[in-house]
Amino acid sequence: MGKTALIVDDSRTMRQMVAFTLTNAGFTVVEAEDGKDAVNKVSGGAKMDIVVTDLNMPEMDGIALIKELRKMSTFKFTPILMLTTESAMEKKKEGKEAGATGWIVKPFNPEVLLKTIAKVLPA
Amino acid sequence: MSNDFAQFQDAFFDEAVEHLAVVEDGLLELEQHPEDRDLLNKIFRSAHSIKGGSGMFGFNAVAQFTHKMETLLDLLRNGQKAVSPAIADLLLKSTDCLKTLLEAAKTGASVDDATVQRLTDELASASASGPQQPKANANEATSNQTQERQGDQTYVITWTPPDWLFQRGLDPLQVLRELRSLGKLTEVGIDMSRLPNLAEVDPEKCYLSWHMRLATEKDRNVIEAVFEFVREDSQLTIENATVPGSECQVSSTGSQPETRNLQPETDDGSSKPLGEILVESGVVSRETLDHALAQQKRVGQILVEQHAASPQQVEQALQKQRQQESAAQSKKTDTASIRVDTDKIDKLINLVGELVITQSMLSDLGARFEMSHMPVLLERMAQLERNTREIQERVMGIRMLPIGTAFSRFPRLVRDLSAKAGKKIQLVLSGEETELDKTVIESISDPLTHLVRNSADHGLEPPEERLDNNKQEIGTIRLNAFHEGGNICITVEDDGRGLNRDKILAKAVKQGLIGENEKLSDEQIWLLIFKPGFSTAEKVTDVSGRGVGMDVVKRNIEGLGGTVSIKTKPGHGTIFILKLPLTLAIIEGMTVRVGKETYIVPLLSILESIQPKPGGVKTVVGKGELIDVRGTYLPVVRMYEIFASQPEITDPTKAILLILETEGERVAVMVDEILGQQQVVIKSMEQNFRKVEGIAGATILGDGTVGFILDVRGLLEIARQGEPVAA
């Protein structure tokens, strides 16, 4: 069964890279360019198997998005991974408190990305 | 390490350029609104995206430098530091540096490490009072290295996760699965002691604990990594319970594993730099090494110290190196991609669909055609024409970009110029949305830059002089773009002192560009400033005044099939007007006939057409034929003589004379007949045949024959020399 993934990043290239990796791994991918866009795309009741989101974004940032998603019944228990940079350790904590499942530290390669996702993705 | 992401590099560079523009524009705007938090956030985000992306592709120099910028920007956006002019300036300089770093990452060109280092230091000291960056990462990474161990170890793991485990989307089952993948999970027990009465159970909470026995050959760190996302919030113990017989290992695993200093070798097998090896083998400390490296000198510096070269010579050589690099880079950027709005493509596909329908209707009609169907045929033909024209317009539209992309560099340029020249200058942009061909936009940037520099340096007066002349202290440079017929006009206007007629004349005479007693119209005098080597600036400044440039401007614009004209009013300012074709591929032309040949004359260059009276054309010794047009004598060019064709008419009074103008000079060209006006697609002569004097290109006419497009400039040259070209 194909899994679905929501990818949220304001950087076009970064979004494409994550989407490319996940599509190749058999995911059906939905892309959003910021938190607001992401909320709009799933507020209709769409369920996702995993969410991968950047933190620094215009309109609605990653932390706000995670909080928003956790409020929705469809995303209450969905694994949410945040993309952070090494220097943003304090962001990790903030993200965890908002309800993030885990994190992927940039820069990463496709292997690390898929491995981390496998780690939190319900079988 | 193979990197699947490599294919996204180009996309990254494209995006980075966009982000750089956001940063630069943002910083410029910030100078006006230093308190604008949203703006700071926007700048920060763009810098952050560049950092993230460059890290992904291993452009560490870019990532590290951007990180330094980001640190400072973060302090600014959090209000921990205020935006001062010095900081804004530093950030702008850093943006430039980042630009070159990115360029270097893209092309492999070398960078001026000294500048990078200096800016890195400045950025660091500007953010000095900010929070210290945790430097622990490097250590963390090394201690995470897995150690080879012989045989399986047995670990007893007890794990009590936080009760909100589920609310973060974590599944304990996943953890168990992952542990199992590491080795043999021989025992898994659940501790339900914390489970309350059923009535009190919150199903969204986790009350369970686990204890497990895991036999694995993997290291303790690997096991810990399984719990990565919950470790800090869980109670977790991992104990080694390896079977007796290897006691020494039991004792050693209780503490953190030590990283042993192995033989220095890198992942890919290539050798490490000497310094690294020395540090690793403990001969010198990292600090000592860094200190030693910092003392390393660059070749230029060493040569200067040995008096083998003067600092100026080294500087010149460096400049040359930079020029070569930038030349190499500009060559590469020529094959750039274009991003097209999907909307434009959808419309085009729609139109092609319509074209197919029209075609099938026509072939249907053709299959059973009778004369009575004539009106239907004509109607279908009209439809076909409409389709074709629309498709042509849309396809051209794909190459069209708003000129704003070429304008966007000027706010920064003007800011720097005003600082350098000590003048107060404001820049007003308008018509940024005017669209024109991508190639034209790219080629127009340099000439425009030159004109703006010229206006800032020569056109505008220093503040004191402006105040003395009852002008506003702040000078204005206005850039405007608008459509005019099939052309686009770009004007560069300043409200400075205007061109000085006498000064230009004196200079031109001195440089031998014109004779002392030559009489010139104002228009012709202004055009003198476009002559190579012409400069009236008393001193050569950093900005302009070397007399290189204005001639290049004119040449570039004319190379694009455009014209430059000047309007000026002493004391009130100067306007440079650039007129350019919308596209380089299609021109609006007048078709004319000479004998059996058809030629196309660019409409832009036609002033008028006349039929001379008897005696209107006179032959002057040494100057060939001349015609008197309202008091001005113009050279006459007989087309059939130049191209050696058979004319129908050889008597000028029965023929038509087209008065053509280019660069302020005029010529009368004699043809048999004017056929009409039409748009023609230019096909290159050079590419398909060879260059022919007097001909700019060729096109295929409605009846399938080839028509030549006249090169007015070339015709003028021929008129001057009076020699026919061999056809």
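I began with a single residue pair in this predicted model, and found that T158(B) stands opposite H211(B) in β3(B). I then looked up the strands around this pair: β1 (residues 153-160) and β3 (residues 209-216) of chain B run antiparallel to each other and are joined over 7 bridges.

I noted 4 strands of chain B in an open, antiparallel sheet, ordered β2-β3-β1-β4. The edges are taken by β2 (184-191) and β4 (235-240) of chain B, each with a single partner strand, so one side of each has no neighbour in the sheet.

I turned to a helix pair: α3 (residues 60-77) and α5 (residues 113-126) of chain B pack at about 25°, their axes 9 Å apart. On the α3(B) side I listed F65(B), K68(B), M69(B) and L72(B), and on the α5(B) side V116(B), T120(B), L123(B), A124(B) and A126(B). By class, the residues of this contact are 7 nonpolar, 1 polar and 1 charged.

Last, I took totals for chain B, which holds 25 helices and 22 strands; of its 727 residues, 25% are buried. Among contacts between residues at least 6 apart in sequence, I noted that 66% join residues at least 24 apart.

Methods:
Residues numbered from 1 in each chain as written. Chains lettered and ligands numbered in written order. Predicted model: local features only at pLDDT ≥ 70, side-chain atom pairs only at ≥ 80, totals over all residues. Helix = DSSP H or I, 4+ residues; strand = E, 2+ residues; numbered from the N terminus. Buried ≥ 20, exposed ≤ 12 C-beta atoms within 10 Å, placed from the backbone. Contact = placed C-beta atoms within 7 Å. Axes fitted to C-alpha atoms, helices over the stretch in contact; angles between N-to-C directions. Nonpolar A, V, L, I, M, F, W, Y, C, P; charged D, E, K, R; others polar. Pairing = 2+ DSSP bridges.
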